[in-house]
Amino acid sequence: MSHSLSRLRALFLVVLLGLSVSACGYNQIPTLQENAKAKWADVQNNYQRRADLIPNLVATVQGYAKQEKDVLTQVTEARAKATQIHVDASDLTDPAKLKAFQDAQAQLGGALGRLLAVSENYPDLKSNQNFLALQSQLEGTENRIAVARRDYIEAVRQYNTALVTFPGVLWASTVFRNAKPMAEFTANDNAPTAPQVKF
């Protein structure tokens, strides 16, 4: 009887310890950090989807608008630059790396906007089924990028807040000393005048 009572006490203490550790916020910082990393992966995935659509769009426009070579070259170069800049989860605490990524993506977005504006001059291109399908996919991808960026910003806000508020600040200053605030996206200087992907 005494042996089973001591086992019951030990089990009770283990359960109590587990509940107290989970309730004290110990898991909050790593959970929020992993959530922010997952949201970043969504951002990268959507930017990659956009980059993958561009060669088909350029090829379609090229068939109709041969004299627009400068615009097509700008898009191709901007895509190449944007796909060369890699920011993985370990770089999310470096605002300079995130800014370089964001600037390259903004440059690509601007070049893409100029390419789509060119199509206004070519009625046959605007009615081409392949072009219309690519335009629709690109429009959907731009929406996905906006949602993914918003979700990432919110996940980073929660993580960064946990690092400086109670009880997370206690864990961040003791157990998770290597946990650093993550960088967020910032509004581009030309954000109010961003090109529209519409026809």
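Author: The model is a predicted one, in which local features need pLDDT of at least 70 and side-chain atom pairs count only at pLDDT 80 or more, while totals for chains, interfaces and linings use all residues. Residues are numbered from 1 along each chain as its sequence is written, and side-chain values use heavy atoms, with hydrogens and water left out.

A pocket here is an open set of points on a 1 Å grid over the protein atoms alone, where a 1.4 Å probe fits and protein lies on both sides within 12 Å along at least five of seven lines; a lining residue has an atom within 4 Å of a point. The space in the second largest pocket comes to about 160 Å³, a volume being what is filled by probe spheres set on the points, which are joined across faces, edges and corners. Sorted by class, its lining holds seven nonpolar, five polar and no charged residues. In this scheme Ala, Val, Leu, Ile, Met, Phe, Trp, Tyr, Cys and Pro are nonpolar, Asp, Glu, Lys and Arg are charged, and the others, Gly among them, are polar.

Helices H2 (28–64), H3 (69–84) and H4 (95–118) each supply at least two residues of this lining, and H2 gives the most, with four. Helices (H or I, at least four residues) and strands (E, at least two) are DSSP runs numbered from the N terminus. The protein chain as a whole has seven helices and zero strands.

An α-helix has 3.6 residues a turn, so residues three or four places apart point the same way. Glutamate 34 is partly exposed, at 46% relative accessibility, and lysine 37 is also partly exposed, at 25%. On this scale, buried means under 20% relative accessible area, exposed over 50%, and partly exposed in between (1.4 Å probe, protein chains only).

H4 has 24 residues and spans 34 Å from its first C-alpha to its last, close to the 34 Å expected, the expected span being 1.5 Å times one less than the number of residues. At the start of H4, a side-chain oxygen of aspartate 94 comes within 3.0 Å of the backbone nitrogen of alanine 96. Further along H4, lysine 99 and aspartate 103 are four residues apart, about one helical turn, and their side chains meet in a salt bridge at 3.0 Å, N to O. Lysine 99 has a relative accessible area of 42% and is partly exposed; aspartate 103, at 35%, is likewise partly exposed.

Aspartate 91 and lysine 97 form another salt bridge, their closest N and O atoms lying 3.2 Å apart.

Technical notes. Polar contact = N/O pair within 3.5 Å; in protein donor to acceptor, adjacent residues only side chain to side chain. Salt bridge = Lys/Arg side-chain N within 4 Å of Asp/Glu carboxyl O.
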